[in-house]
Amino acid sequence: MNADAVVLDIDGVLVDVEDSYRRAILESIERVYDRTIRKADIQQFKDAGGFNNDWELTYAAALYVLATSENYGQSIDEFTDEIATRGGGLEAAEDAVRDELGAQATQRVTNRWDRERLRDVFQQLYLGADLYRGLEGGEPDIENRGFIHDEPILLAEETREYLLENHDIGVVTGRPEAEAEIALERVGLESEIPLEHRFTMDDWEEGKPHPRALTTLADRFDADTVVFVGDTLDDIRTATNAADADPDSDYYGVGVLTGGLTGEAGREKYAAEDAAAVIESIDELPALLEK
């Protein structure tokens, strides 16, 4: 691929978040509403698009749980398909519920839909009491260690050294800046990637799959060819959208199978979005770049 720059997502690429962020989604809804979705359902929302922000995915999943108590008749597969049809994201989820339930039932649902509490519980579960106090500035009502400590590293040391020695490295992630720093420090990249080569949730309003972060990094690197490695369909769409927005540079979206998309089914979904390549893990990236 002759990449000048390699841009990396964090979750599902550099660290495994199945027992951290994804667990927090499920347990936040359970704690607030005594019901929740299945773990496999999370990927349905991710595939629908527009849920790079896991807080918003939590809100959408909670909205579905509440809607079913008002006789919302669609399965979660049908609900996420409807979200995808409407363009993805939380607003599409709200529209899908409103059109199905009507105004009065939707109002009853939204009266119970406490996004502020869902986010607060999510952060307490994910960060743990000590980090919550430091990063959120409040006193937690849940005492726990924090799921953030249960994120296995996916990036091998030799892969990290290869990438740093041979390419400009950037990061585009849906994490807040502070949580991105924690993950990057754990994988040995925090001191290697300056802030101007990172885009976190705090740096851009649009989020993936909007191309601005990727095209901006290409400009900052003065790169003609950029490879973006991610674990969701929106990551691949980000690279595709960047190629449309910036025809003077080449952008390649590479999917890994260490996030929610796995196996042959994951490969097929990536292929349907025109991924340039699919690799088992980030550690296969050096071989791909050398081809």
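The side chains of D120 and R117 meet in a salt bridge, with 3.3 Å from N to O; a salt bridge here is a side-chain nitrogen of Lys or Arg within 4 Å of a carboxyl oxygen of Asp or Glu. This is a predicted model, where local features need pLDDT of at least 70, side-chain atom pairs count only at pLDDT 80 or more, and totals for chains, interfaces and linings use all residues. Residues are numbered from 1 along each chain as its sequence is written, and side-chain values use heavy atoms, with hydrogens and water left out.

**Salt bridges**

- By this rule the count comes to 27 salt bridges.
- D120 and R117 both sit in helix α7 (residues 115–136), 3 residues apart, about one turn of the helix; helices are DSSP runs of H or I with at least four residues, strands are runs of E with at least two, and both are numbered from the N terminus.
- R117 is partly exposed, at 30% relative accessible area; with a 1.4 Å probe and protein chains only, buried means under 20%, exposed over 50%, and partly exposed in between.
- D99 pairs with R86 in a salt bridge whose closest N and O atoms are 2.7 Å apart. That pair links distant parts of the chain, with D99 in helix α5 (residues 90–101) and R86 in the loop between α4 and α5, 13 residues apart.
- D99 is exposed at 54% relative accessible area, while R86 is partly exposed at 34%.
- R198 and E190 also meet through their side chains in a salt bridge (3.3 Å, N to O). R198 is buried, with a relative accessible area of 5%, whereas E190 is partly exposed at 27%.
- A network of salt bridges links D130, R133, E139 and E143.

- The largest pocket holds about 240 Å³ of space. It is lined by 14 residues, and those closest to its centre are N52, N53, E205, E206 and G207.
- A pocket is found on a 1 Å grid over the protein atoms alone, as an open set of points where a 1.4 Å probe fits, with protein on both sides within 12 Å along at least five of seven lines; lining residues have an atom within 4 Å of a point. Grid points are joined across faces, edges and corners, and the volume is the space filled by probe spheres set on the points.
- The largest pocket lies between domain 1 (5–16 + 153–290) and domain 2 (18–147), because both give residues to its lining; the domain bounds come from an automatic or database domain assignment.
- By class, the lining of the largest pocket has 3 nonpolar, 7 polar and 4 charged residues. Nonpolar covers Ala, Val, Leu, Ile, Met, Phe, Trp, Tyr, Cys and Pro, charged covers Asp, Glu, Lys and Arg, and the others, Gly among them, are polar.
- The second largest pocket has a volume of about 200 Å³, and its lining divides into 2 nonpolar, 5 polar and 5 charged residues.
- Helix α2 (residues 39–48) gives the most to the lining of the second largest pocket, with 3 residues. At least three lining residues come from each of domain 1 and domain 2.

**Backbone points to check**

- Most residues other than glycine have a negative phi, and most peptide bonds are trans.
- The peptide bond from K208 to P209 is cis, with omega near 15°, and P209 lies in the loop between β3 (198–199) and α10 (212–221).
- D34 has a positive phi, near 60°, in the loop between α1 (21–33) and α2; D34 is exposed at 62% relative accessible area.
- N71 has a positive phi of about 65°, in the loop between α3 (54–68) and α4 (76–85); N71 is exposed at 70%.
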